[in-house]
Amino acid sequence: GIYMATIADIKEELNKVLYPGFQKSIVEFGFVKDVQSSDDSSAVISLDITSSASEVEEELKRDINRVLGEIGVSNITINVVKPEAPKQQSNSTSGQNIAPQIKHFVMVSSGKGGVGKSTTTVNLAVAAAMQGKRVGILDADIYGPNIPRMMGLRGQEVEIVGNKAKPFSAYGVDVMSMGSLMEEGQSLIWRGAMIMKAIQQLLRDILWEELDILFIDMPPGTGDAQLTLAQSVPVTCGVNVTTPQHVALDDSRRSLDMFDKLHIPIGGIVENMSGFICPECNTESDIFGMGTCEELAEQYNTQVLGNLPIEPAIREGGDSGKPVVYFNPESESAKRYMKASAKLIEYIDKIGDSASNAEIQPTTAPGESACSTASKGASTSAHSHSGGCGCGSKQQEKIKRVKALFIYFFLLFQSPSNQI
């Protein structure tokens with residue numbers, strides 16, 4: 001007699017179909033929404049996948065036809081629901097977007113270090129994910145990348161897929177950090193052209209999926225990193241993190257002026273260390289002078305997203321890799337982060353897709369700092385590996401190669417012959 005495939009058999013076979021780039025099947029990911037079969041040799045399969053890339057869909061269809069063919073099912077209909085392919089924004093003639101699969105980029109900046117910028121980034125991002133958004137964090141703070149510690153990812157090995165690095169995932173957020181690509185404790189002397197290259201690679205050579213919001217934790221201050229980022233992708237809005245002392249507010253003005261110069265709308269200001277909440281008696285006392293940011297927000301026609309108190313739970317959460325908004329949702333800080341994140345999401349929804357970086361495109365050749373030009377030898381040998389240039393394509397060399405890619409430039413510019 002002829003073998004008759006049941007729906008259970010078909011589902012069993014679909015377990016063999018791996019989602020491209022991953023070691024998990026479409027069944028494990030929960031992408032198979034429905035399987036129907038009217039007779040032994042036919043099946044209708046409904047998939048709901050997260051990638052808009054046509055090659056992903058084609059590869060899945062090939063694999064499904066192959067595994068089901070092995071059990072005698074030949075008449076197969078596959079319905080695929082997937083996100084719309086990112087439309088090139090209308091500013092594509094002059095604007096640039098090297099990561100079009102990400103809907104919104106939020107640049108988190110501060111006028112100086114030590115004001116709690118990374119803590120803010122982590123908690124705003126985790127809060128946005130808790131509110132149902134697809135969120136990523138790019139830790140572009142090349143001088144002191146500490147997002148890995150705060151997200152509990154220290155010492156984890158980066159997984160390489162193809163020749164891109166796959167982001168980690170923690171608390172519902174995709175995360176990639178310069179700190180995960182450099183050796184622990186390694187420090188580099190950053191020069192202009194290297195910074196530009198590094199920022200572009202963190203956007204282009206990381207396997208970011210379709211995200212609603214990518215939060216980008218910038219190095220403190222205003223400089224090459226901010227400019228390059230703004231030229232490489234259309235930043236939806238900037239968030240400024242400050243503390244209430246007047247000195248910090250002066251630094252904040254520089255950072256807010258920079259958003260203006262780069263034509264980046266200001267999503268809001270987060271006032272950190274605004275008061276102190278005593279863990280014993282739960283009263284809030286004013287140490288640095290709370291509420292000085294309201295005036296600043298008014299001057300720059302923006303809003304205060306939140307006034308975050310000094311609460312020991314925030315620091316403990318950061319040091320132990322357990323963000324307060326996720327692990328201590330009843331704390332005052334967590335509630336304020338949730339509210340700040342909701343305000344920011346509302347602002348982003350209001351702006352919609354109007355972000356454009358057409359007006360700030362560089363006039364020099366790409367990859368060259370406007371204030372300096374690399375020596376010819378440096379620029380030719382440092383070609384991009386994103387295409388199929390076939391540099392040592394053996395599988396075991398791949399991981400080394402991609403990591404080397406990230407470190408390559410940095411060392412290239414360290415050598416005295418290539419002074420920039």
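A residue is called buried when its relative accessible area is under 20%, exposed when it is over 50%, and partly exposed in between (1.4 Å probe, protein chains only). By this scale Tyr326, at 39% relative accessibility, is partly exposed. The structure is a predicted model, in which local features need pLDDT of at least 70 and side-chain atom pairs count only at pLDDT 80 or more, while totals for chains, interfaces and linings use all residues. Residues are numbered from 1 along each chain as its sequence is written, and side-chain values use heavy atoms, with hydrogens and water left out.

Together with Met130 and Phe327, Tyr326 makes a nonpolar surface patch of about 280 Å². Patches are made of residues with over 30% relative accessible area and no salt bridge, with like charges joined within 9 Å and nonpolar side chains (Val, Leu, Ile, Met, Phe, Trp, Tyr) within 5 Å. The accessible areas come from the Shrake-Rupley method with a 1.4 Å probe, and for residues only the protein chains shown count as cover.

Charged pairs come next. With a salt bridge taken as a side-chain nitrogen of Lys or Arg within 4 Å of a carboxyl oxygen of Asp or Glu, the count comes to 12 salt bridges. One of them joins the side chains of Lys16 and Glu13 at 3.0 Å, N to O. Here Lys16 is partly exposed, with a relative accessible area of 49%, whereas Glu13 is buried at 10%. Another salt bridge, at 4.0 Å from N to O, brings together the side chains of Asp174 and Arg134. This pair links distant parts of the chain, 40 residues apart: Asp174 sits in strand S9 (residues 173–177), and Arg134 in the loop between helix H3 (117–130) and strand S5 (135–139). Asp174 is buried at 14% relative accessibility, while Arg134 is partly exposed at 36%.

Glu332 and Arg336 also meet through their side chains, in a salt bridge of 2.8 Å, N to O. Because these two residues are four residues apart in helix H12 (residues 332–351), they are separated by about one helical turn. Glu332 is partly exposed, with a relative accessible area of 31%, and Arg336 is buried, with 19%. Elsewhere, Glu57, Lys61 and Lys82 are linked in a network of salt bridges.

The view now turns to buried positions. Ser42 is found in strand S2 (residues 42–48) and is buried, with a relative accessible area of 7%. Its side chain and that of Asp39 are joined by a polar contact of 3.1 Å. A polar contact is a pair of N or O atoms within 3.5 Å; within protein, one must be able to donate a hydrogen and the other to accept it, and residues adjacent in sequence count only if both atoms are side-chain atoms. Leaving aside residues up to four places away in sequence, Ser42 touches Gln36, Ser37, Val73 and Asn75, where contact means heavy atoms within 4.5 Å.

Helix H7 (residues 224–232) is largely enclosed by the rest of the structure, because seven of its nine residues are buried. The buried residues of H7 are Ala225, Gln226, Thr228, Leu229, Ala230, Gln231 and Ser232. Cys237 is buried at 0% relative accessibility, and Cys293 is buried at 0% as well. A search of the whole structure finds zero disulfides, a disulfide being a pair of cysteine sulfur atoms within 2.5 Å.
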